[in-house]
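Take a moment with the sequence and the model below. The text that follows walks through them piece by piece.

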Amino acid sequence: MTIVPIRQPIDGRHRPMFIGGLWVEAASGQTFETRNPATGEIIATVPRGGRQDIERAVAAARNAFVGPWSRFKPHERQKLLLRITDLFERHWEEICTSDTTDMGLPIARARGNANRVLGMLRYYAGMATALHGETIENSLPGDIVSFTRKEPVGVVGAIIPWNAPTAASIWKIGPALATGCTVVLKPSEEAPLTPLLIAELMAEAGVPDGVVNVVTGTGAEAGAPLAEHMGIDKIVFTGSTLTGQSIVRASAGNLKRVSLELGGKSPVIVCADADLERAVPVAAMSVFANSGQICIAGSRLFVARSIHDEFVERLSAYAASLRIGNGIDPETEIGPLISPRQLERVEGYLRAGSEEGARLVTGGTRLSHGALAAGNFIAPTVFAGVSDTMRIAREEIFGPVISALPFDTLDEAVRRANDTPYGLAAGVFTRDLATAHQLSRRLQAGSVWVNTYHAIDPAVPFGGYKMSGYGREGGGEHLGEYLNTKGVFIRID
Ligand code: NAD
C-alpha cells in the first residue's frame, strides 16, 4: 500500500485510488487503462478495484462516520464545503481539462459549467446549517414532549456514469458532506480521473480521512459489491435503467435506501406558435450537447405539422454548422463519444433508423477524416419521417441523434409524448401562456422546460417519473434523501 499525504502521486500515467485518506492500489494489484476518446490515446492507468477494495473503503467510511466526522458540527461542515468550493474555483481549469481529456466534453462547455457546479457546492454549504427537526404537539396523556431529529443515514455508496463526472460526483458527495454522511464513490470505468482529482481537492480542503473514498473499477467487479454491501446504508445511483434495476435487486439484502437517476427518451413539443429563432438552437442542443450523451436529451422532437418542414430544415442547417473536434480546442462545440463501443452502439441506431424507413436529413455517419479518424466522432444527425414505433423513437440512443415527428393536435402530442416507459424530462416551445401551463401539467416527467432546456438549479429538485428513477437531486428533498427522521418522546411530568 502506498501512503502519500493528500496530493495524488502522479507516477508517470498511473493514478491510484483513494481509500481512508490514502492513495492505494487494488488488492489484486490489477489496473485498467483510460483513454482520451478524441484521440484514442491511453492517458492513465488506474487500479481495477474489486470486492476486497470495496470492503476496505466501506470500513474506512464507517470508521469516519462513527469517529471524527460525527463530531463535526453543521457550521464546521459548512466551512469545509465553502473551502472545497474555493479550492474548486482555483483548480477549475484543471477539473475542466480532466473532463475533456478523459471523457471528451468540449472544454468551452466544461468551463461554462463552473457556476452550476460551484453553485451546487455553495447550496449544500448553506443547507448544512439549515437542517432541523420539528417540535410537534401530541395528544398523549401526561406531559410528554415530542420532536423529530434529522440524522445522517450513514455510509452512502455512490455509483456514477461517465457522461458528467464532475457534476455527478458533486451531486453525490455534496449532500453527504452537508448532512454528515460518509461516501464510497465508484466512478465509471470509462471516466475515472476527475472523481480522483475531486477526492484529492477535498482532502486538500480538509475533509477527514475516510469521509470521501473513491474506488475505481468496473460495474461488475466494484459496483455490484458496493450495491449489495451490508455495511452500506444507502445507494445513490446515476446510470442506465437496466443497471438501476440490478441495483434495486442488490439492495434487498439489508434493505438499504436507494435513489436512482436513470435513462430517458424525452419529448420536446414545438407548437405552431413557437419562436423558431429560439426553439431551433435550443432543441438542437438539447440533444447534440455532450454529443447526445445526456440523460435528458430531447431526442423525440414533436413538431406541429404546419411548421414541421421549415423546422426540420432549420434544425438540420444548425446541426450541420456545429464545430466538431477534440474538445481541448476552445472552438469545439461537439466532442467525441466516450468509447468505440458507444460509437458502435450509436452506429447501430443510425442503421436501424434507415432500415425502419426514417428519412435521414443530415449527419448519419461516423466522422473519420483527418484527426477525427482516431476518435469516436459521429455527425449530429436528424431523422424525419419517424414513426412512434421505430427503435430510434423508443430507445435511449445516448448519441447525437434527433427524431422529428409531426403532430396535428396538442392532445395527440401529449398522448404520444407520454407514451414511453421513461419520464425524466420534457420540453415545450410556445408563446401561449395557457399552453405552457397546460402542457407542463400534462407531461409525465420530472422536469418540464418551456422555451428553454437543460435548466438545472441546485435549489430545484431534479429526477425521474416512471422508469427514469426515483428520488430527487437538488433542493431540500435532495438533502432529505441523506437523512433519517427520528421521532423522540420525553416524559417531563
Ligand atoms: P451504466 O448503467 O452502464 O453505468 C453506470 C455506472 O454503474 C458505472 O459506474 C458502472 O460501472 C456501474 N455499474 C454497471 N453495472 C453495475 C452493476 N451491476 N452494479 C453496480 N454498478 C454497476 O450507465 P452508463 O452507460 O455509464 O451511462 C449512461 C446511462 O446513464 C444512460 O442511460 C443515461 O441516461 C444515464 N444517466 C442518467 C442521468 C440522470 O440524472 N437521470 C444522468 C446521467 C446519465
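This is a predicted model: local features need pLDDT of at least 70, side-chain atom pairs count only at pLDDT 80 or more; totals for chains, interfaces and linings use all residues.

Two strands count as paired if DSSP finds at least two bridges between them. Strand β12 (residues 267-270) and strand β17 (residues 425-429) pair in the parallel sense, over three bridges.

Now step back to the chain as a whole. It is divided into domain 1, residues 17-262, and domain 2, residues 267-456. Their centres, taken over C-alpha atoms, are separated by 31 Å. The two parts do touch: 24 residues of domain 1 are in contact with 30 residues of domain 2.

The pair β12 and β17 belongs to an open sheet of seven strands. Read across, the order is β14-β15-β16-β13-β12-β17-β18, and the pairing is mixed. β14 (359-362) and β18 (447-450) stand at the edges. Each has a single partner strand, so one side of each is left without a neighbour in the sheet. From one strand to the next, the twist averages 25°.

β17 and β18 pair in the parallel sense over four bridges. Here A425 stands opposite S447 in β18. β18 has two faces. S447 and W449 make up the covered face. V448 and V450 make up the uncovered one.

Helix α10 (residues 276-288) lies across β12, β13 (300-304), β15 (381-384), β16 (401-407) and β17. It runs at about 135° to β16. Helix α12 (residues 340-355) also packs on the sheet, touching β15 and β16. The direction of α12 makes about 25° with that of β15.

Stay with α10 for a moment. It has 13 residues. From its first C-alpha to its last it reaches 18 Å, close to the 18 Å expected at 1.5 Å a residue. At its start, a side-chain oxygen of D275 reaches to within 3.1 Å of the backbone nitrogen of E277. After the helix comes N290, with a positive phi near 60°.

Which residues of α10 are buried? They are L276, A279, V280, A283, A284, M285, S286, V287 and F288. An α-helix has 3.6 residues a turn, so residues three or four places apart point the same way. In α10, L276, A279, V280, A283 and A284 are among the buried residues. What covers the buried residues includes β12, β13, α11 (305-321), β15, β16 and β17.

The loops deserve a look too. T420 sits in the loop between α14 (410-418) and β17. Is T420 buried or exposed? Buried means under 20% relative accessible area. T420 has 11% relative accessibility, so it counts as buried. A polar atom of its side chain lies 3.1 Å from the backbone nitrogen of Y422. Leaving out residues up to four places away in sequence, T420 touches K265, R300, R394 and K466.

Beyond its neighbours within four places in sequence, R391 is in contact with Y349, A352 and E356. R77 lies 314 residues from R391 along the chain, and their C-alpha atoms are separated by 48 Å.

A further sheet is made of three strands. This open sheet has the order β5-β6-β19, with antiparallel pairing. Its edge strands are β5 (135-136) and β19 (483-491), and each pairs on one side only. β5 and strand β6 (residues 144-152) run antiparallel, joined by two bridges. There, the bridge partner of I136 in β6 is S146.

Finish with helix α3 (residues 92-103). Its 12 residues should span 16 Å at 1.5 Å a residue, and its end C-alpha atoms are 16 Å apart, which agrees. The buried residues of α3 are W92, I95, C96, S98, D99, T100, D102 and M103. G104 follows the helix, with a positive phi near 95°.

Methods:
Residues are numbered from 1 along each chain as its sequence is written. Side-chain values use heavy atoms; hydrogens and water are left out. Axes are lines fitted to C-alpha atoms, for helices over the stretch in contact, and angles run from 0 to 180 degrees between N-to-C directions. Contact means heavy atoms within 4.5 Å. The expected span of a helix is 1.5 Å times one less than its number of residues. Buried means under 20% relative accessible area, exposed over 50%, partly exposed in between (1.4 Å probe, protein chains only). A polar contact is a pair of N or O atoms within 3.5 Å; within protein, one must be able to donate a hydrogen and the other to accept it, and residues adjacent in sequence count only if both atoms are side-chain atoms. Domain bounds come from an automatic or database domain assignment.
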